[in-house]
Each structure stands twice: as structure tokens, then as C-alpha cells.
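Here are my notes for a first reading of this model. Please keep the sequence and the structure open beside them as you go through the points.

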Amino acid sequence: MSLFNVFRIAGSGLEAQTVRMNTTASNLANADSVASRPEDAYRSKQPVFSAELSALQKGENPGVQIKGIVESEAPGAMRYEPNNPMADEKGYVYGSNVNTIEELVNMISASRSYQNNVEVMTNSKQMLLRTLQLGK
């Protein structure tokens with residue numbers, strides 16, 4: 001594998017972690033939202049990735065593929081708040097199913113993964129520059 005493939009792989013990892021951080025930020029922004037019906041409540045979203053190492057053998061670009069974003073099926077919180085303007089006829093509001101602790105851990109993990117991919121690219125760049133200096 002050439003060092004240029006390392007840039008493609010690390011670049012796809014950067015893109016994947018950016019999607020992960022943006023999805024987590026969206027989840028955190030909607031964590032306290034409420035709705036009048038359970039089906040209208042915000043559902044936590046998570047990106048789905050797959051590693052495409054076999055793509056290198058096929059002559060395709062290897063790296064992390066973003067397969068999509070899925071919604072959690074976990075139930076949201078139901079709270080009795082009769083004075084809330086979003087309350088249903090029984091006085092209940094339906095909150096999101098976002099677990100803020102899990103989302104914060106996910107954000108830290110995504111941030112560290114992003115940083116690791118940046119370091120891989122930086123080290124690869126340094127190796128290429130040193131290789132070029134050998135020819136002088």
C-alpha cells in the first residue's frame with residue numbers, strides 16, 4: 001500500500017468522524033425537546049460506518065464508508081406537565097430518547113478518532129518529505 005492510500009483512508013476517517021460529531025451535536029441540541037405525541041418526539045440518531053479494506057484489492061478507494069444514519073428505537077420520556085403548551089389532552093408531553101451522557105462520551109470518542117486521523121496524515125506527510133530529502 002502506498003502512502004497516498006494512507007491519505008485516502010485517513011481522509012475518509014476524518015469525514016466519517018465529522019458526520020459522527022455533527023450527528024452527536026444534533027442529538028445534544030434536541031435532548032430537551034418535547035412533543036405532543038410520542039411519534040413526534042425527537043429520536044436519537046447514529047451514523048453507520050463500514051470499513052472497506054477489500055476495496056484496495058478491487059482497485060477502488062479504500063477507507064471508511066458512511067452507510068447512513070439510523071434512528072434509535074428506544075422509548076422517549078413521558079412527563080406529566082399539564083401547564084406545558086405542548087401537553088396532550090391528558091397533560092403529558094413526550095421527550096426525546098437522547099441520553100446526554102452517552103452522547104457526550106460519543107462526542108469525546110469521535111473527537112479523539114478525528115485527532116488520530118489527523119496525526120496519521122501528519123506523520124505520513126513527514127515520512128514522504130523525509131523520503132524526498134533522501135534523494136538530494
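1. Among the elements of the chain, strand β5 (residues 92-95) has the highest mean pLDDT, 95, whereas helix α2 (residues 55-58) has the lowest, 64. Here pLDDT is the predictor's confidence in each residue, on a scale from 0 to 100, while helices (H or I, at least four residues) and strands (E, at least two) are DSSP runs numbered from the N terminus. For the chain, the mean pLDDT is 90, and 91% of the residues reach 70 or more.

2. This is a predicted model, in which local features need pLDDT of at least 70 and side-chain atom pairs count only at pLDDT 80 or more, although totals for chains, interfaces and linings use all residues. Residues are numbered from 1 along each chain as its sequence is written, and side-chain values use heavy atoms, with hydrogens and water left out.

3. Apart from neighbours within four places in sequence, T24 is in contact with E103, N106 and M107, where contact means heavy atoms within 4.5 Å.

4. Three strands form an open sheet in the order β1-β5-β4, with antiparallel pairing. β1 (34-35) and β4 (78-80) stand at the edges with a single partner strand each, so one side of each has no neighbour in the sheet. Two strands pair if DSSP finds at least two bridges between them; β1 and β5 pair over two bridges, and V34 has G95 in β5 as its bridge partner.
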